[in-house]
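Keep the structure open and follow each element in turn.

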Amino acid sequence: MDIKKYELEYINCPLCGSNQLEIYLSNVKEIYVGLDEYFDLNKCIKCGHIFTNPRPTLSTIEYFYPNEMDYYLPKDVYELSTFKQNILNNILNEVKNYSLDVTFSLPPLVSKILFYYFNYKISYDKKIPNYVNNGKLLEIGCSWGSYLLQMQKLGWDVYGVEMNTKASEYAKKILNSDNIMNNKIENIDFKSTLFDVIVLNMVLEHIYDPIKLLNIIKSILKPNGIIIINIPNIDSIEFKIFKDKSYFVQVPQHVHHFNYMTINKLLEKTGFNMISAYYNNSATDIYKSCKKNNNNFKVCKCIDNRFCSFLIKYTMKILGQIKKTSRMVIYASRNTLK
Ligand SMILES: [Zn+2]
């Protein structure tokens, strides 16, 4: 007899509670671990939210998170050259209130102009918030600590929460810090520590109750604090091309499939205001989807052609500007009225 390694549960819309649902996509194969398991995505007729339904129960989802998954594995940290780091430090000092060491100073106006050009890279790729003196930054789901390591170097007092024991131990070691908690966020008492910045980096789409999480975040965020949320965007060109074969859909690990509208609804519902949204402008998820599907799409043939891949690269830059690529970074603040 075939013994199921997990159990399923059918749910109402996790955003608005409605039971008026329609099938959005059927039989999406689990591709991240490579198991022969299939899941459906539902769309809520009332609020438009797209989510995995049925989904594995919270107590059995672990089956889809084996320890060796690369979510948790340390990767090389990309270090900037001394020259580029100096330019970045100048920009951050001038525009984002940092006081970083520089070996050469740029005129303030030059830093401001460079920021205008590199704002996207600083806000999307690096996710660098405005500096706050003695500021505390918490990353929920910090994995092995690569983002926290960058932020620590920029002067932040960093804290992390990570459920995976191996990853959290690694983070503790490289950050040389006891502020990495190997526990669920709801079980942690931060002893009235309030944070200036709280970051969710490719985490929210995995969370069973995102309303509860954002309410917890609100309770430990300073009134003028901000949150930074990096999530996949189902309303993207990658999804239009690859549909159920999209690399970034990743069921059942991703229980939510947000777009600009639904992340905005979630933020409003939990008392946050979106400040800005940045979209990736690289073809990485197209390459990954091609690889996972043995290049069985027309666009994959194009990637091998130099001219064609050049076209894709620049098309992605334009699509990123009009919110149509597969990953978004949202900055939001507390809505003081709520
Ligand atoms: Zn709904």
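Start at helix H5 (residues 210-220), whose buried residues are Pro210, Leu214, Ile217 and Ile220. A residue is buried if 20 or more other C-beta atoms lie within 10 Å of its own, exposed if 12 or fewer, and partly exposed in between, with C-beta atoms placed from the backbone. Helices (H or I, at least four residues) and strands (E, at least two) are DSSP runs, numbered from the N terminus. Looking down the axis of H5, its buried residues fall within an arc of 125 degrees, so they line one face of the helix. The arc is that of the directions from the helix axis to the C-beta atoms. An α-helix has 3.6 residues a turn, so residues three or four places apart point the same way.

This is a predicted model: local features need pLDDT of at least 70, side-chain atom pairs count only at pLDDT 80 or more, and totals for chains, interfaces and linings use all residues. Residues are numbered from 1 along each chain as its sequence is written.

What covers that face of H5? The cover of its buried residues includes strand S9 (195-201), strand S10 (221-232), S11, helix H7 (260-269) and strand S12 (272-279). Contact here has a cut-off: C-beta atoms, placed from the backbone, within 7 Å.

Now the core. The largest nonpolar core has 60 residues, and those with the most contacts inside it are Leu137, Ile198 and Ile227. Such a core is a set of buried Ala, Val, Leu, Ile, Met, Phe, Trp, Tyr and Cys residues joined through C-beta atoms within 7 Å. S10 gives this core its largest share, six residues. Domain 1 (8-64) and domain 2 (139-334) each contribute at least three residues. Take Ile227: apart from neighbours within four places in sequence, Ile227 is in contact with Ile198, Ile217, Leu221, Phe272 and Ala332. A second, separate core has six residues, among them Ile237, Ala283, Cys290 and Leu319.

Next, the sheets. Seven strands form an open sheet in the order S8-S7-S6-S9-S10-S13-S12, with mixed pairing. Strand S8 (180-181) and S12 are the edges, each with a single partner strand, so one side of each has no neighbour in the sheet. Two strands pair if DSSP finds at least two bridges between them. Within this sheet, strand S6 (residues 136-140) and strand S7 (residues 157-161) pair in the parallel sense over five bridges. Glu139 has Gly160 as its bridge partner in S7.

Is Glu162 buried or exposed? Glu162 is buried, with 25 other C-beta atoms within 10 Å. Cys142 is 20 residues away along the chain, yet the two C-alpha atoms are separated by 5.6 Å. Not counting residues up to four places away in sequence, Glu162 touches several residues, including Gly141, Cys142, Ala171 and Asn182.

The other sheet has four strands. It is open, antiparallel and ordered S2-S3-S4-S11. Strand S2 (21-29) and strand S11 (256-257) stand at the edges with a single partner strand each, so one side of each lacks a neighbour in the sheet. Six bridges join S2 to S3. Three bridges join strand S3 (residues 38-44) to strand S4 (residues 50-52). In S4, Asn42 finds its bridge partner in Phe51. S3 and S4 make a hairpin with five residues between them, and Gly48 in the turn has a positive phi of about 85 degrees. S3 is mostly covered, with five of its seven residues buried.

How do the domains meet? The bounds, 8-64 and 139-334, come from an automatic or database domain assignment. The C-alpha centres of domain 1 and domain 2 lie 19 Å apart. In the interface, 20 residues of domain 1 are in contact with 20 residues of domain 2. S2, S3, S4 and strand S5 (55-56) each supply at least two residues of the domain 1 side.

Last, the backbone. Most residues other than glycine have a negative phi, and most peptide bonds are trans. Asn53 and Pro54 are joined by a cis peptide bond, with omega about -5 degrees. Val251 and Pro252 are also joined by a cis bond, with omega about 0 degrees. Asn176 is not a glycine but has a positive phi of about 50 degrees. With 7 C-beta neighbours inside 10 Å, Asn176 counts as exposed.

Methods. Contact = placed C-beta atoms within 7 Å.
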